[in-house]
Amino acid sequence: MKEIVIDISDDGEIRLETRGFKGKACIEEAAFLKNLLGRETHRQLVPAYHQHQKKTARRYLPLCG
């Protein structure tokens, strides 16, 4: 299940946490909230960020011969 958790502390600090996303999808999905809320002061990437959903292998076919 994918979700974005918004935590607002007593001093007004806002923290966004994404859950269930892999790779850069977490940053892309939360971008609208980040832009709406203001300047980003800190970013901590979790291990799921470094997981790629699918790696594609490139094949080169011979064009001549």
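The model is a prediction, for which local features require pLDDT of at least 70 and side-chain atom pairs count only at pLDDT 80 or more, whereas totals for chains, interfaces and linings use all residues. Residues are numbered from 1 along each chain as its sequence is written, and side-chain values rest on heavy atoms, with hydrogens and water left out.

The secondary structure of the chain amounts to one helix and two strands, arranged along the sequence in the pattern β-β-α; helices (H or I, at least four residues) and strands (E, at least two) are DSSP runs, numbered from the N terminus. Strand β1, covering residues 3–8, pairs with strand β2, covering residues 14–19, in the antiparallel sense over six bridges, where pairing requires that DSSP find at least two bridges between the strands. Five residues lie between the strands of this hairpin, and G12 adopts a positive phi near 95° there.

Burial was assigned from relative accessible area, with buried meaning under 20%, exposed over 50% and partly exposed in between (1.4 Å probe, protein chains only). By this criterion, buried residues make up 11% of the 65 residues in the chain. A25, which is found in helix α1, is counted as buried because its relative accessible area is 18%. A25 and Y49 are 24 residues apart in sequence, and their C-alpha atoms are 8.1 Å apart in space.

The segment after α1 (25–37) contains Q44, which counts as exposed because its relative accessibility is 66%. L45 is also found in the segment after α1, but L45 is partly exposed, because its relative accessible area is 37%.

Across the chain, residues 24 or more positions apart account for 26% of the contacts with a separation of 6 or more, a contact being defined by heavy atoms within 4.5 Å. The chain exposes about 6,400 Å², of which carbon and sulfur atoms supply 50%, with accessible areas taken from the Shrake-Rupley method with a 1.4 Å probe.

The largest pocket has a volume of about 870 Å³. A pocket is here an open set of points on a 1 Å grid over the protein atoms alone, where a 1.4 Å probe fits, with protein on both sides within 12 Å along at least five of seven lines, and lining residues have an atom within 4 Å of a point. The volume is the space filled by probe spheres set on the points. The lining of the largest pocket comprises 22 residues, of which R15, L16, E40, H42 and R43 lie nearest its centre. Both β2 and α1 supply at least two residues each to this lining, and α1 gives the most, with six residues. The lining divides into 10 nonpolar, five polar and seven charged residues, where Asp, Glu, Lys and Arg count as charged, Ala, Val, Leu, Ile, Met, Phe, Trp, Tyr, Cys and Pro as nonpolar, and the others, Gly among them, as polar.
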